[in-house]
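Here is a short report on one model. Look at the structure first, then read on.

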Amino acid sequence: MDAIRTDQLTKKYSLGWHKGRLLALDKLNLRVREGEVYGLLGPNGSGKSTTIKLLLGLVTRTEGDAWIFDVPCDRVESHLHVGFLPENPYFYRYLSGAETLEFYAKLCRMGGKGLNQRIDELLELVGLTHARDRRLASYSKGMLQRIGLAQALIHDPQLLLLDEPTAGVDPIGSRDIRDLILRLKKMGKTVLLSSHLLAQVQDVCDRIGVLNLGQLILEGDVQTLIRDQRRLSITVRELPDAGRAQVEAAVRTAGGQVVAVEHPQTTLEMLFLEAVRKDPRGVKGHD
Amino acid sequence: MTERVGFSPARIVAVALNTFTESVRQKVFSILLLVALVFIASALFFRQFNFGEQFKFVKDTCLGLISFFGCLIAIIAPAQMLPSEIENRTIYTLLAKPVRRVEFLLGKYFGSVILLFLSVLLMSVMFGAALVVMERSVTATVMQHGPDEPGETLAQAVQQIQHEARDPNLAQAVLLIFVKTSLLAAIVLLFSTFSTSMIFNIATGFMAWIAGALVPVVKGFAWTAKWILALAAVVPDLGMFNVSDEIVQGIPVSWGHVYSVALYGLVRVLILLVAAQLVFSQREI
């Protein structure tokens, strides 16, 4: 069974009196399989958020159909197995972390003795146990994103829809969320991730789809899509200059062409994280 | 995975309590407390009339203030509920759960009603406290200086003071004020289902308040155009809920009349909530 399936899903927004309609999504055919992390990419206005809103029944489709675990998206039953984290969520600032989760749990008709345990588990999972009883008004942006993830997971859904989960979050918070998504994947959850951060998507997603002007213009397995079949990279360690010349000669002899010989680079993200983590004073002010 | 999600009063209660908590933490109650202090102060200040006039004045003023501030809360509280949910995107996370839109809307409405109930109750308790303070103060004055009316015995005067201070009919006026504010809240909620502006909702709420209060006046004019009369039939008649004048003047109001007016209010609330749901169910968020 597909976790998400859309068939010719189309959305046109009315622009107002005599101004016509805006085509936000154009005949989208999407399949997200159970247990995979699917990245929905695209520039601003490409239709990513509209797709998520359609899947959640927040806006009505103009044409086509959509299902979540084979339940039509316009039925409230389709929400039983879905958790959603919107872009830049605010939540109720006057509630504490635990109260927020309790409120969302009650909406899912959860209660009883197990609820407190579930709340504690989720706060532990997202690393907010220490901020359990603090009001959300005092949470940092990264903490809000993490409590947002916790509320999305409160009823243990099989599918998570994450709309720009790292928007506005610093690299450490962003990394935490990335790690969380990987943990969710290990737990067997299906994740639809909408993001601009291509490096992050590359790290966590099994498959991606690229939307542009409401149309799906590219889709496939991440590793297959990014592999450059015409180029080959060999990484060696401690190779003296003479050895390097011999390797280059061997490549030429075998009919190959040496395009570049260079030292591998780390990413700026890795450099930043390493520097911060090595700081003996810790990461003050992050939470 | 095709379980049914039925209509759930528990979800309505969850949304209502959250809405109420939000309102309380927005300092609405601080304003009410200030009003309550005004009540008590009013009971202690107006001593220049004879005691019968004093009681009438305080009752009239306090009931007027309860009605005024109740209506003010009935407009402001629901006016900002939906716009703030949409602006803060909290509505997305709520409706992404297995929550029906009608449950969300009813939760929001009942959250306002809880707020209104407690506000009117708190103001009424303060009103009662003011009457108690007055009763003691006036009784002490009468005991010291004798009765106001010539030929009246001290016992008769004290009995009259108690009669004025402990008038059970005041509950009728307070009950109808509460129903009126609940009706006004339903009107504002209906406006907020198709508007995203809090200012618009508040402005239309005030217009509905004024229009509703003018309905009995308009109906009273013989020369009124038919379309105005038709409009007056659609706009809820808020003047019906005003029994304070009769009660303050000591004119008895039957409970049958109070219940029929309350029923009129509840039927209007029901119609408004159905209309609000019809609009909200189609709204794109």
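## Strands, core and contact

Gly83(A) has Leu160(A) of S7(A) standing opposite. These two residues sit in a strand pair of this predicted model. S6 (residues 82-85) and S7 (residues 159-163) of chain A are joined by 4 bridges and run parallel. S6(A) is covered on both faces. Val82(A) and Phe84(A) are buried on one side, and Gly83(A) and Leu85(A) are buried on the other. In a regular strand, side chains alternate between the two faces of the sheet.

Chain A also has an open sheet of 4 strands. Their order is S2-S1-S4-S5, and the pairing is antiparallel. Which strands stand at the edges? They are S2 (21-33) and S5 (71-72) of chain A. Each has a single partner strand, so one side of each is left without a neighbour in the sheet. S2(A) is joined to S1 (residues 2-14) of chain A by 9 bridges. Ile4(A) stands opposite Val32(A), which lies in S2(A).

| Strand pair | Bridges | Direction |
|---|---|---|
| S1(A) and S2(A) | 9 bridges | antiparallel |
| S6(A) and S7(A) | 4 bridges | parallel |

Now take a loop. Ala137(A) lies between helix H3 (113-125) and helix H4 (141-153) of chain A. Is Ala137(A) buried or exposed? It counts as exposed, because it has 12 C-beta neighbours inside 10 Å. Leaving aside neighbours within four places in sequence, Ala137(A) is in contact with Arg93(A) and Tyr94(A). Leu95(A) is 42 residues from Ala137(A) in sequence, yet their C-alpha atoms are 8.1 Å apart.

Next comes the core. The largest nonpolar core has 141 residues. Leu193(A), Leu184(B) and Ala185(B) have the most contacts inside it. Beyond four places in sequence, Ala185(B) is in contact with several residues of chain B, among them Ala74(B), Tyr109(B) and Leu116(B). In soluble globular proteins, nonpolar side chains tend to be buried together.

How do the chains meet? In all, 27 residues of chain B are in contact with 26 residues of chain A. On the chain B side, helix H1 (9-24) and helix H4 (90-95) each give two or more residues. H1(B) gives the largest share, 6 residues. By class, this side of chain B has 11 nonpolar, 7 polar and 9 charged residues.

Finally, confidence. The predictor gives the complex an ipTM of 0.84 and a pTM of 0.86. Chain B averages a pLDDT of 87, and 93% of its residues score at least 70. Where pLDDT is low, the predicted coordinates should not be read in detail.

Methods: Residues numbered from 1 in each chain as written. Chains lettered and ligands numbered in written order. Predicted model: local features only at pLDDT ≥ 70, side-chain atom pairs only at ≥ 80, totals over all residues. Core = buried A, V, L, I, M, F, W, Y, C linked by C-beta atoms within 7 Å. Buried ≥ 20, exposed ≤ 12 C-beta atoms within 10 Å, placed from the backbone. Contact = placed C-beta atoms within 7 Å. pLDDT = per-residue confidence, 0-100. Nonpolar A, V, L, I, M, F, W, Y, C, P; charged D, E, K, R; others polar. Pairing = 2+ DSSP bridges.
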